[in-house]
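Here is a short briefing to read with the model open beside you. Take it a topic at a time and look up each residue as you go.

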Amino acid sequence: MGTASSEPVEEVEEAERLLILDVLGGWVNNREWRLGDSISVGLAGVLMPYVIVRFRGKQRQTGAVRMPLGSRNNSPMDFQVHMHLPMASDPLDPTASPTDDHHDRDGVQPPADRFGAQSSGSTQPRSSVDEVPTLADGVQEKLVQAPLPMTDGTPTLGVESNEVFRVESNQVGIDSTAASPTSVDGDVVHITLKDHRVIQGLIRGDPLIGSATLTLDRSKDGQTVSRCLSLWRTGQPEPSGYITVQYRVLETHSLMRTFRKHADHSLQDVIRAVVHILSAPDGIEKLFQAKPLVREPSAFNRCFCSDSRGRMEARVKELVECMTDSLNSLGPPNWKADDERLLTSLSSVARKALVLVADTAQQEKTGVEVDTMSLAMEWMRNLFAIMESQSSPGQSIRPNFSRLERMLALAKLEEKDLVPVDNRGYDAPNPKRWRPGKPHKVGGDVVVPRKAVLGSGTFGCVWRARDPETKQLYAVKQMVFCPVSRREMAVAGHLRALAHPCLVRLFRVLLHGETCSLVMEFCPDGNLDGQILDAGSRDNYVLPRLAIAWVAEIFLGLEHLHLEARMLIRDVKPDNVVFARGHRAKVADFGLSRLAMQSDGRYTWGLPPGTPHYVAPEVVDGKPYDYHADFYSFAVLVWVLFTGGIKGAKYPVPPCGDHETQGLKVLTKNRELLLEAIEQPARWRARRLQSEEAKDFVLRLTDRAEGYQRLTHADVRQHDLLRSQALPPQGDVTAATEWQNRREERLPVDLG
């Protein structure tokens, strides 16, 4: 019995707690007199209040608020300074006394013109420091929800100054035998409000407005608690002012849970968790520890370009303040609000974060080896791992950072931020002074800087770009306006919110007038066509070592498009599978996609969507079809990957009817030609499929015989070809990212 009762206590003592204190607006009634106040205050109305906070023998203060000239007594205060200063947890200081040795009382009702209809003359101090003051109707709710700051002279409350303290359980005592739990002195925060004076302060110090104490209610740990505190000075019968605060006592575990179960929280809660982690007493120190290890910077960058620790710390604090500003401007968390609204408001903050990562983690100014966004997410994962190892040693818990990754992906990006670069990441020579948005062709000639061009076609050009500030590389697909480009822009807007590691990330759609640009993830390792060509020669073909991993990655990309994005791609082929760093396969090119799971079969532009060698028979026939048409093309791609395609062809291709001379209908016979190439490869100058699993996979997904079995995504997952890949759960983007990172563990044996 005794052991059972002691276990919960031990668990509480080990849990790290943080006190998050928000200093809100207040009200000034009067202040101590200082020589010269008759001029500075009485005549000019100069008020510059600031708050001093003492907790467990340590002290921090906000900056002075510069109130409108002419402010006097009965003036509202709104603290616009956001402070996230660390205050280390120290043993209780037995010598600590209430600030300035003045009476500290809690819970006096504010004056009528501040909060409610009661008269300020009837205000009386309360005897209990734990009692929540009774405010006018609806005001208590407003305090908890932290509305916007004052506008047009109307006093309102807004979260302004934020202090984060560590609260250790062994320093806290709670009397569980009392009628209601009460806290010991270790849970008392001393708050002093002073009025900054420049000249008088040099001689006699800043005038005191008043002091108050805030006693933490530990029975409400994890909740937001609001208090309206009266400010007192010795010998004053009436309060000298009021200040409103709100606080939360959080365990580090609760912040971790926000990431583990992010779907149970609003996006505002997820981002606030990041703010609280970085604002913790050792948050920035942990951030330094979590910094990703990148290649050694050059001597020049070591001397002139890398950030010092002090500068980085200042920039992190500035970033946290910007995040807090953006969150506060949106008001209370809204479960019904679309994430897009918050992400749009945070686009500038996301850009600041990427610039910070680029300047501190990615040391070199040029090069294509390191991706800034990937570095940022690696940094966040490292930070989480450090916190988990310290708070829950021996446990392995997988967080979900997909929404934070999406925030970074939607970082502010404008046309001026895209600079054409060559394959080494250096600015490409631009003799014709071309810039994004200008026509990519003049008189049939591509005028985009030649060394930046990745490819060009009838409707547009794809070129390599770098953002000089974030150092992030992009592939920019610039197109003339046409039905195909409009379709691709619409699909891009849909997919931006549905990122997956096996799909090319779509960052931004830019409109330039007669042209438009799609800013995409840059994948430097080529496409599947090139990998197949590199693996073979005229008579010999060596199956790439990563072939099955690529098949699995392509399938996961298609599965995400079908089941999460609810769309069809309709153009699966090796040319539309590109490789990110580490040869990680990603499905690309959504120009022929359909934003629906089914089609009635009618041609949109007079031709069946797709590529002749890979298009499914039902698509050519104009019959209704669904995702099985994508599966058909996928299976043909697998055959080409495992055999190298038809020998002697310029590019890796499967058997295909001559549609140019015999018409489109001949393409409906392509499945029969593929079957012949599988069963009688010599007849088609093809190589034999050495893998029985791959052969069965191709035959089942391309089967179009009467009454054929239509495989589902679950069926494909369970196929023997993919069984060794231990695919992540469908719909779990974080699990898919981790699965991809562990790819080396799943490499198959040589299949010949």
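Predicted model: local features only at pLDDT ≥ 70, side-chain atom pairs only at ≥ 80, totals over all residues.

Among the chain's contacts with a separation of 6 or more, 70% are between residues 24 or more positions apart.

**Salt bridges around Arg351 and Asp417**

- The structure holds 23 salt bridges, and one of them joins the side chains of Arg351 and Asp417, with an N to O distance of 3.4 Å.
- Arg351 belongs to helix α11 (residues 347-360), while Asp417 sits in the loop between α13 (402-409) and β11 (419-420), so this pair ties together parts of the chain that are 66 residues apart in sequence.
- Are these two partners buried or exposed? Arg351 counts as buried because its relative accessibility is 10%, a value under the 20% cut-off. Asp417 is buried too, at 8% relative accessibility.
- Both residues belong to a network of salt bridges that also takes in Lys412, Glu414, Lys416, Asp467 and Glu469.
- Within that network, Glu414 and Lys412 meet through their side chains at 3.6 Å, N to O.
- Glu414 is partly exposed at 30% relative accessibility, and Lys412 is partly exposed at 35%.

- Asp621 forms a salt bridge with Lys665, and their closest N and O atoms are 3.4 Å apart.
- What does this pair tie together? Asp621 lies in helix α17 and Lys665 in the loop between α19 (659-662) and α20 (670-679), so the bridge links parts that are 44 residues apart in sequence.
- Asp621 counts as partly exposed, at 32% relative accessibility, and Lys665 is also partly exposed, with a relative accessible area of 48%.

**Glu618, also in helix α17**

- Helix α17 covers residues 617-621 and includes Glu618.
- Glu618 has a relative accessible area of 13%, so this residue counts as buried.
- Which residues does Glu618 touch, if those up to four places away in sequence are not counted? Its contacts are Lys623, Tyr625, His628, Ala629 and Arg704.
- Gly601 is 17 residues from Glu618 in sequence, and their C-alpha atoms are 7.9 Å apart.

**Lys573, a buried lysine without a salt bridge**

- Look for Lys573 in the loop between α16 (547-563) and β19 (577-580).
- Lys573 is buried but has no salt bridge, and Asp571, the nearest side chain of opposite charge, is 4.0 Å away.
- The side chain of Lys573 does make a polar contact of 3.0 Å with the side chain of Thr611.
- Apart from neighbours within four places in sequence, Lys573 is in contact with Thr611, Tyr614 and Leu637.

**A four-stranded sheet**

- Strands of a sheet pair through backbone hydrogen bonds, either parallel or antiparallel.
- Here, four strands make an open sheet in the order β3-β2-β7-β8, with antiparallel pairing.
- Which strands are at the edges? They are β3 (58-61) and β8 (208-215), each of which pairs on one side only.
- From one strand to the next, the twist averages 20 degrees.
- Strand β7 (residues 188-195) pairs with β8 over seven bridges, in the antiparallel sense.
- To find your place in β8, look for Ser211, which stands opposite Thr192.

Conventions:
Residues numbered from 1 in each chain as written. Heavy atoms only, no water. Helix = DSSP H or I, 4+ residues; strand = E, 2+ residues; numbered from the N terminus. Buried < 20%, exposed > 50% of the residue type's maximum accessible area, 1.4 Å probe, protein only. Contact = heavy atoms within 4.5 Å. Lys, Arg positive; Asp, Glu negative; His and termini not counted. Polar contact = N/O pair within 3.5 Å; in protein donor to acceptor, adjacent residues only side chain to side chain. Pairing = 2+ DSSP bridges. Axes fitted to C-alpha atoms, helices over the stretch in contact; angles between N-to-C directions.
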